[in-house]
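Q: I would like to learn how to read the features of a structure, one at a time. Where do we begin?

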Amino acid sequence: MVNKMAYVPYVTAEYYRDTYKGSILPDDSLEKALRQASRHIDSLTYNRIVGQGFISLSEFQQEVIQDVICQQAEFEYENADEINTILSSYSINGVSAQFGSSWNVFMDKGIAMKRDVYALLCQTGLCCRIAR
């Protein structure tokens, strides 16, 4: 029997509701959205949070990461149709839409994120491609 530890997101439902004061994510998909956003943050930080341990990070880094996860979870929830589409662009009845590079959306490792939220995440020092 293999004992596998379950992935624990960096934000709990209680944190999202009580500390972040979030209200966009519905209760029935809150845990899943926070877990997915946490995993996406792990990817964008080259799994440095996993490697160092969330508790080992500075208080500032922890706070920024939790705020970014809440914002990312809401962004992914609100834009799920656009993010999950396999189309890069389409046109119907003279109206066209294009996905991918937008002035306010950052895309890396298949993860779409608002640029200002990514800039906030970068303040933790965990997004640099060069290992410290």
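A: We begin with burial: a residue is buried under 20% relative accessible area, exposed over 50%, and partly exposed in between. Note also that this is a predicted model.

Q: By that rule, is Q62 buried or exposed?
A: Q62 has a relative accessibility of 17%, so it counts as buried. This glutamine belongs to helix α4, which spans residues 59–78.

Q: What does the side chain of Q62 reach?
A: It reaches the backbone oxygen of L57, at 3.0 Å. Leaving aside residues up to four places away in sequence, Q62 touches F54, I55 and L57.

Q: How do I read burial along a helix, and which residues of α6 are buried?
A: List the buried residues, then look at their directions around the axis. In α6, residues 115–122, the buried ones are V117, Y118 and L121. They cover an arc of only 100° around the axis, so they lie on the same side of α6.

Q: What do the buried residues of α6 pack against?
A: Their partners are helix α2 (27–44), helix α4, and the strands β3 (105–108) and β4 (111–114).

Q: Where is R115 found, and is it buried or partly exposed?
A: R115 is found in helix α6. Its relative accessible area is 41%, so R115 is partly exposed. The C-alpha atoms of R115 and W103 are separated by 8.1 Å, and the two residues are twelve apart along the chain.

Q: What is the idea behind a salt bridge?
A: Side chains of opposite charge can pair when their charged atoms come close. The cut-off used is a side-chain nitrogen of Lys or Arg within 4 Å of a carboxyl oxygen of Asp or Glu.

Q: How many salt bridges does this rule give?
A: The count comes to two. One joins the side chains of D27 and R17, at 3.2 Å from N to O. D27 lies in helix α2 and R17 in helix α1, so this pair ties together parts that are ten residues apart in sequence.

Q: How accessible are D27 and R17?
A: D27 has a relative accessible area of 59%, so it is exposed. R17, at 36% relative accessibility, counts as partly exposed.

Q: Which side chain meets that of D108 in a salt bridge?
A: The partner is K109, with an N to O distance of 3.1 Å. D108 counts as buried because its relative accessibility is 16%. K109, at 41%, counts as partly exposed.

Q: How many aromatic pairs does a search of the whole structure find?
A: The search finds four. One of them is the stacked pair of Y10 and F54, with 5.1 Å from centre to centre and 20° between the planes. That pair links distant parts of the chain: Y10 is in the segment before α1, F54 is in the loop between α3 (48–52) and α4, and they are 44 residues apart.

Q: Are Y10 and F54 buried or exposed?
A: Y10 is buried, with a relative accessible area of 12%. F54 is buried as well, at 15%.

Q: Why is the pair of Y16 and Y20 stacked?
A: Planes under 30 degrees apart count as stacked. The ring centres of Y16 and Y20 are 5.8 Å apart and the planes are at 25°, so this pair is stacked. Y16 is buried, at 1% relative accessible area, whereas Y20 is partly exposed, at 23%.

Q: Which residues form one aromatic cluster?
A: The cluster consists of Y7, Y10 and F54.

Technical notes
Residues numbered from 1 in each chain as written. Predicted model: local features only at pLDDT ≥ 70, side-chain atom pairs only at ≥ 80, totals over all residues. Heavy atoms only, no water. Helix = DSSP H or I, 4+ residues; strand = E, 2+ residues; numbered from the N terminus. Buried < 20%, exposed > 50% of the residue type's maximum accessible area, 1.4 Å probe, protein only. Polar contact = N/O pair within 3.5 Å; in protein donor to acceptor, adjacent residues only side chain to side chain. Contact = heavy atoms within 4.5 Å. Arc of directions from axis to C-beta. Phe/Tyr/Trp six-rings, centres within 6.5 Å; stacked < 30°, edge-to-face > 60°.
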